[in-house]
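Hello,

Here is the structure I promised to pass on. Please open it first, then read my notes below.

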Amino acid sequence: SDFVAQTPDGIANIMALNVVGNAKLVDELIKAKKLAPGSTIVYSSSEAARGVKSFGFPAPSIDSGSVDEFKSALDGTMYVKDKSYETTYSWAKCIGTLYFSGLARANGDYRWVSVSPGATAGTNLLNDLGLVQRLMFKMLAPIMKLFGMAHDTDAGAGRYLAVVYDTESKYDNGVFYGSKDGKLTGDLVDQTPIFEDLGMTSYQDNAVKAVENFF
């Protein structure tokens, strides 16, 4: 599968795009002093990081949460039996979220928050799905919006803005915010009670080590 095919740096394509590239960009910006201390760094995560059964995205089945386990997810060698987009994307967003949560404890000069835009119509996410799934979601998109199961790009972007311009201090450093369990729109809530692995500090620390191994 193209999702797990390796880049010249030995990273699975989907991980390079959703995890390592983001992490490396932020790392270089900080080293170059392009981010002022106190800045908010938002990682664009997804409810897929804790699983969305209704859309076929399974919660990542983390075994030991070791550096080696996360490295195998990042380089693609983990995906022997299941190389589907849904599984690899869920793992990518999970590791990315763990990584940025780990940095929230390791680097107090910045505010690190992961945010999901929710089920947002009009993005390119569907382009990576199979033909049947793409057609199905495109046909269902208007109905999903009508029944509050999806929202437009303004609503998705509004979630990022709510966290960046958080004048009421509603959104805590190092936390992943997304939709309530069973939903993909609506209020932003802490995702850790939905998938407790996201709050494991040992997993977060090991995700940082695994990701930075590919810098």
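**The sheet**

Four strands make up an open sheet of mixed pairing, in the order β1-β2-β3-β4. β1 (40-44) and β4 (189-190) are the edge strands; each has a single partner strand, so one side of each has no neighbour in the sheet. Please keep in mind that this is a predicted model.

β1 pairs with β2 in the parallel sense, over five bridges. Within that pairing, valine 42 has valine 113 of β2 as its bridge partner. β3 (residues 176-178) and β4 run antiparallel and are joined by two bridges.

Helix α5 (residues 153-164) lies across β1, β2 and β3. α5 runs at about 160 degrees to β2.

Which residues of β1 are on the covered face, and which on the uncovered one? Ile41 and Tyr43 are on the covered face. Thr40, Val42 and Ser44 are on the uncovered face. In a regular strand, side chains alternate between the two faces of the sheet.

**The overall layout**

The protein has six helices and four strands. Along the sequence they follow the pattern α-β-α-α-β-α-α-β-β-α. There are 215 residues, and 45% of them count as buried. Take the contacts with a separation of 6 or more: 75% of these are between residues 24 or more positions apart.

**α1 against α3**

Two packed helices are described by the angle between their axes and the distance between the axes. For α1 and α3, the axes come within 8 Å and cross at roughly 15 degrees. Angles under 35 degrees count as roughly parallel, so α1 is roughly parallel to α3. The crossing is right-handed.

Which residues make the contact? From α1 they are Ile14, Met15, Asn18, Val19, Asn22, Ala23 and Val26. The α3 side includes Tyr85, Tyr89, Trp91, Ile95, Tyr99 and Phe100. By class, the contact has 12 nonpolar, four polar and one charged residues. Lys93 of α3 is among the contact residues too.

**α2 and what follows**

Helix α2 covers residues 67-75. Its buried residues are Glu69, Phe70, Ser72, Ala73, Leu74 and Asp75. What covers them? The cover includes α1 (13-31), α3 (85-106) and α6 (201-212). Just after α2, glycine 76 has a positive phi of about 90 degrees.

Further on, in the loop between α2 and α3, you will find lysine 83. Is lysine 83 buried or partly exposed? With a relative accessible area of 39%, lysine 83 is partly exposed, because buried means under 20% and exposed over 50%. Now look for valine 4. Lysine 83 and valine 4 are 79 residues apart in sequence. In space, C-alpha to C-alpha, they are 7.0 Å apart.

**Where to look**

I would take the views in this order. Begin with the open sheet, β1-β2-β3-β4. Then follow α3 to its right-handed crossing with α1. End at lysine 83, in the loop between α2 and α3.

Best wishes

Technical notes. Residues numbered from 1 in each chain as written. Predicted model: local features only at pLDDT ≥ 70, side-chain atom pairs only at ≥ 80, totals over all residues. Heavy atoms only, no water. Buried < 20%, exposed > 50% of the residue type's maximum accessible area, 1.4 Å probe, protein only. Contact = heavy atoms within 4.5 Å. Pairing = 2+ DSSP bridges. Axes fitted to C-alpha atoms, helices over the stretch in contact; angles between N-to-C directions. Parallel < 35°, antiparallel > 145°, perpendicular 65-115°, else oblique. Left-handed = near helix turned anticlockwise from the far one by under 90°. Nonpolar A, V, L, I, M, F, W, Y, C, P; charged D, E, K, R; others polar.
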